[in-house]
Amino acid sequence: SGQSNMDMRMIGMTDSPINGSTEASLTADNSQIRMFTVTRKTASVPLDSCSGSWKVANSETFWDFSAVGYYFAKKLQAKLNVPVGIVNSSWGGSRVEAWITNEVISKREDAYKQTTNEKTAQHHRASNLYNGMIAPISNYKFKGVLWYQGESNIVNSYDYAWLMSDMVKHWRTVFETPQMPFYYVQIAPYKYPGNKPTAAALLREAQEKAMSLIPNSGMVATIDIGDENNIHPAEKDLIAQRLYMWALSETYGVKGLPYKSPTYKSMTVKDNVASLSFDNSIKGFHTAGKVVDCFEIAGADSVFHPATVVIKYGQLQLQSDKVTAPIAVRYSFKNFMATNGLVFNTAGLPLLPFRTDKW
């Protein structure tokens, strides 16, 4: 479920392709993969039925399958050798509030007010999509949920982690699966014209926070596949693979897979050098042979400057000749920063964006 990046079909969208789709069509025939796409529907009260039909994957039908859903299903079916069914219930541009029942969302006063006024679009309106597109499938038994949404909530990132947590808790109750896995995608870099330069960075921060609020959840990174001028990354196969690795590791019990991106742990400062430590760094870091250019460092004046980076024994050491006493560091903490100077662990997973300050 989610918005356009989850709904985006194998055929792509206007001026937005899906990488590898033509090659994938050559091996699309598989009677063990089926997808049901819930027809878009808004409702003011929960419905008990919806429109749509199950389709078997083949070179003709799969073009209308969710790309993330299809690539995930294909990998899972090949690994487990069991039938895989995917239900795609998504709406492009939707806000998370629309996927939450009215009773639950009304407890978040600010979000509820934002999404119930007369000017609210139908796919933003509180509970509208839950009522029309989730309630009708609530009698199904699902193994887990894949979620790709958040771009439309950069305006209220301060509420997003709690809204996600509220939604997942309620869905687990409705589906009668208290520990139902919930794996989701961090939104990718994009310039977001007209918004504050860190609006999307704050939303990504909220998405990471949600992992600590939602048991049995996991988030995959897309910080390395952003496009300044296109909000729809073409690398849906890579996104599906990262979700698949989480599912294999946490849901299907496959051991030994590197599936967690590195995350910031702590910082120490000596003289003008800030040394950073991380979780999930495996055997340290690499930069794919490129100069790291996504770190910034600041002193007591709260002014950030580009930082030079040295990788040393799994730590990152930062400094700038313009900051004599660093107290804060940021990494890719903007709506969009060039994705050619990032840091990866030795398993090839990108470091999640972060900041050490709360300014």
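Visitor: What span should the 18 residues of helix 7 have, and how far apart are its end C-alpha atoms?

Guide: In this predicted model, the 18 residues of helix 7 should span 26 Å at 1.5 Å a residue, and because the end C-alpha atoms are 26 Å apart, the two values agree.

Visitor: What makes helix 7 largely enclosed by the rest of the structure?

Guide: A residue is called buried when its relative accessible area is under 20%, and 13 of the 18 residues of helix 7 are buried, so the helix is largely enclosed. Just after helix 7, Glu176 takes a positive phi of about 55°.

Visitor: Which elements do the buried residues of helix 8 pack against?

Guide: They pack against helix 7 (157-174), strand 5 (182-185) and strand 6 (217-220), with contact meaning heavy atoms within 4.5 Å. Among the buried residues of helix 8 are Ala199, Leu203, Arg204 and Gln207.

Visitor: How many bridges lie between strand 1 and strand 2, and in which sense do they pair?

Guide: Strand 1 (residues 30-37) and strand 2 share four bridges in the antiparallel sense; because at least two bridges are needed for two strands to pair, they count as paired. Within this pairing, Arg34 stands opposite Val56 in strand 2.

Visitor: Why are strand 2 and strand 3 said to stand at the edges?

Guide: The open sheet of three strands has the order 2-1-3, with mixed pairing. Strand 2 (54-57) and strand 3 (84-88) each have a single partner strand, so one side of each is left without a neighbour in the sheet. From one strand to the next, the twist averages 25°.

Methods: Residues numbered from 1 in each chain as written. Predicted model: local features only at pLDDT ≥ 70, side-chain atom pairs only at ≥ 80, totals over all residues. Heavy atoms only, no water. Helix = DSSP H or I, 4+ residues; strand = E, 2+ residues; numbered from the N terminus. Axes fitted to C-alpha atoms, helices over the stretch in contact; angles between N-to-C directions. Buried < 20%, exposed > 50% of the residue type's maximum accessible area, 1.4 Å probe, protein only. Expected span 1.5 Å × (residues − 1).
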